[in-house]
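Hi,

Here is the structure I promised to pass on. Have a look at it, and then read my notes below.

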Amino acid sequence: MIAELGLAALWLAAALAAMQMAAGFMTLRVEGPTELAKLIRPAAMVQGVLVTLSFAALVWLFAVTDLSVKLVAANSHSMKPLIFKIAGAWGNHEGSMLLWVMVMGLAGALIAAAERRLPERTMNATLAAQGVVSLGFYAFLLLSSNPFERLPVPAAEGMGLNPLLQDIGLAFHPPTLYLGYVGLSVAFSFAVGALLTRQVTPEFARAMRPWVLGAWVLLTVGITAGSYWAYYELGWGGWWFWDPVENASLMPWLAATALLHSVSVLASRDALRTWTIMLGVVAFSMSMVGTFLVRSGILTSVHAFAVDPERGTFILGLLSLFIGGALLLFALRASTISEGARFAIASREGALVFNNVMLSAILAIVLLGTLYPLLTEAFDVRVSVGPPYFNPVGAIFAVPMLLVMAVGPLLRWRQDRPERIGKEAALFAALVLAALLLFGLLVEIALLPLLGLALGFGLAIASLMPLRGRRLARTPLATWGMVVAHFGIAVALLGMASESAFSVERLAAVGEGDGTTVGPWTVVLEAVEPVAGPNWTALQGRMAVSYDGGTPTTVAPQARNFWAPPQQTTESALVTRWNGQLYAVIGDRAPDGRWQLRLWWKPFVPLIWLGGLLVALGGVLALLGRLLTDLRNRRLAARIAERRAEREALA
């Protein structure tokens, strides 16, 4: 009964999305308020409630392991821990798409309930565009990927969730990414609504900005969490592999970063109107491309959902409809968008435009490197595109972007003289050159890590310069957000460069009681013992590890065997110090009785994820600052209106 109720709620939500879409577009053909317009906001709000009930029903079916539901039987098991039963609701194709449409429905409901800054026609057009996107995904779920389909006969036992997904990180990583993707769908709907009504104004940008900021923060957290999960779970010792599905989440983030800066300039300075609309379309386009790559079945990846090509074709059709239609609308209406306020090249707006161009170039590089092997494979030619392409080619654009990012926030709006910030620019250049010379002379290091270390040190100091001369207690939260986010980029860059430059790897075969070394660490394998979990067994290596002759610490890497479904996974052991991490993996037993160990010493590698969290924190501070400012402005406007009304009444 729960499954049928969930399916019924999904159908009703789809019907309301169709009503929202039709009513929204029909009101655009009529000037002034209409009775039809009164249906749009309630339809969006009720739709959000219904699709939330539908997703809650699916979570309940997984929590109780209802094996009469095909999706539960294929992706769960009665002996799984409860947290992974619940996470299994979105750890599969159909459930993750239902999560997607639920968040989209809630976003539409929130816009309909709370947004009052836009003109009514633009709001109706925005909700109509949101209805189009939602209806496409409802159709995909109901016609191609029904999550509530029943089995003719209930299964005796479930097949279980992919063991790689049975990790606490994967319980939270996909939802954060989906929240980010859906935030970009809202930005897309705002952009389409503004194009339809030709009202690309600062008010439109101020309504759009919180959604872009929120989506960007969530994408940042999702990518950071996903990187750390892959690092400790897969056992290969790396934090980024340029896997196509990793790229599928990076591409929307790059576009969203450019969009975030453009929409902020439009909201504050009434400039970059065309840039903002174009990037709103591109950012959601990249999330759709990522969805197609992950769910079409054309990729082989631990992150990808292996689904049949028919559903991939459906998604490709949606992608063509949404993005093709939006780009056509942009081409037809772009000439009608007024230019907005002018600015000089030597200005903060000019620096932001330059960095947007650099981000767009990096996005194109990642997109090309991701799709090229798929295109060549269609002609029976297998090509691998990895770090030798992405790292140096991306650096061509990333390095000048970081240089401009260091000094851009110091420039004035509209117009400035570069010599005014000459001292700050000279300090940044001196820091970068000093780091280049120091590391270049003292350590044998490759060019890209050397540039990363030098730019990281310089940018860390430069990111704090906008605070110079300010009263810190009175500095706006949005400014703090910018400073923290830019400082986070510098911290992450230092971690990436250090990991690449200074990591030490050790492959060893040792017997129980024997030891080996890696970097400053001594590792002794004390014993290998069998252990058991709720739905797995493992061989666990008990190791005593000591840093530079200090007090030993015990760690216990595992080689796990799951039985539903049968699969072996690696559970690495990590020891974190202020200056890096020891990473230990236990492998197979050799014929002579020794055990294979794979060990890494990775100096300062935690800075990568610390930097990612700082970037996200900067976004949160900026979002809070913008929301508080908007709230204060609304209260001030309300007080002014009240006083005006009182004066008129007295008159």
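To start, what percentage of the contacts in the protein chain with a separation of 6 or more comes from residues 24 or more positions apart? It's 73%, where contact means heavy atoms within 4.5 Å.

Some ground rules before the rest. This is a predicted model, in which local features need pLDDT of at least 70 and side-chain atom pairs count only at pLDDT 80 or more, while totals for chains, interfaces and linings use all residues. Residues are numbered from 1 along each chain as its sequence is written, and side-chain values use heavy atoms, with hydrogens and water left out.

**The whole chain**

The protein chain has 17 helices and ten strands. Those are DSSP runs numbered from the N terminus: H or I over at least four residues for helices, E over at least two for strands. For 651 residues, a compact globule would have a radius of gyration near 26 Å, and the 27 Å of the protein chain agrees with that. (The radius is taken over C-alpha atoms, and the globule rule is 2.2 Å times the number of residues to the power 0.38.) Along the principal axes, the C-alpha atoms fill a box of roughly 95 × 75 × 55 Å.

Of the 651 residues, 55% count as buried. Buried means under 20% relative accessible area, exposed means over 50%, and partly exposed is in between, using a 1.4 Å probe and protein chains only. The chain exposes about 28300 Å², with carbon and sulfur atoms supplying 66% of it; that area comes from the Shrake-Rupley method with a 1.4 Å probe.

**Two helix pairs**

Two packed helices are described by the angle between their axes and the distance between the axes. The axes are lines fitted to C-alpha atoms, for helices over the stretch in contact, and the angles run from 0 to 180 degrees between N-to-C directions.

Take helix α16 (residues 477-502) and helix α17 (residues 606-650): they pack at about 170°, with axes 7 Å apart. That makes α16 roughly antiparallel to α17. Angles over 145 degrees get that label, under 35 is roughly parallel, 65 to 115 roughly perpendicular, and the rest oblique. The residues of this contact divide into 21 nonpolar, seven polar and two charged. Here Ala, Val, Leu, Ile, Met, Phe, Trp, Tyr, Cys and Pro count as nonpolar, Asp, Glu, Lys and Arg as charged, and the others, Gly among them, as polar.

Helix α12 (residues 348-377) and α13 also pack at about 170°, with axes 9 Å apart, and are therefore roughly antiparallel to each other. Their contact has 18 nonpolar, four polar and no charged residues. Among those meeting there are Phe354 and Ile362 in α12, and Phe390 and Met401 in α13.

Trp275 sits in helix α10 (residues 273-295) and is partly exposed at 22% relative accessibility. Its contacts beyond four places in sequence are Ser262, Val353, Asn356, Val357 and Ser360.

Glu424, in helix α14 (residues 422-442), is buried at 13%. Setting aside residues up to four places away, Glu424 touches Leu410, Met465 and Arg468.

Most residues other than glycine have a negative phi. Arg414, though not a glycine, has a positive phi of about 70°, and so does Asp548, near 55°. Asp548 lies in the loop between β4 (536-547) and β5 (553-555) and is exposed at 61%.
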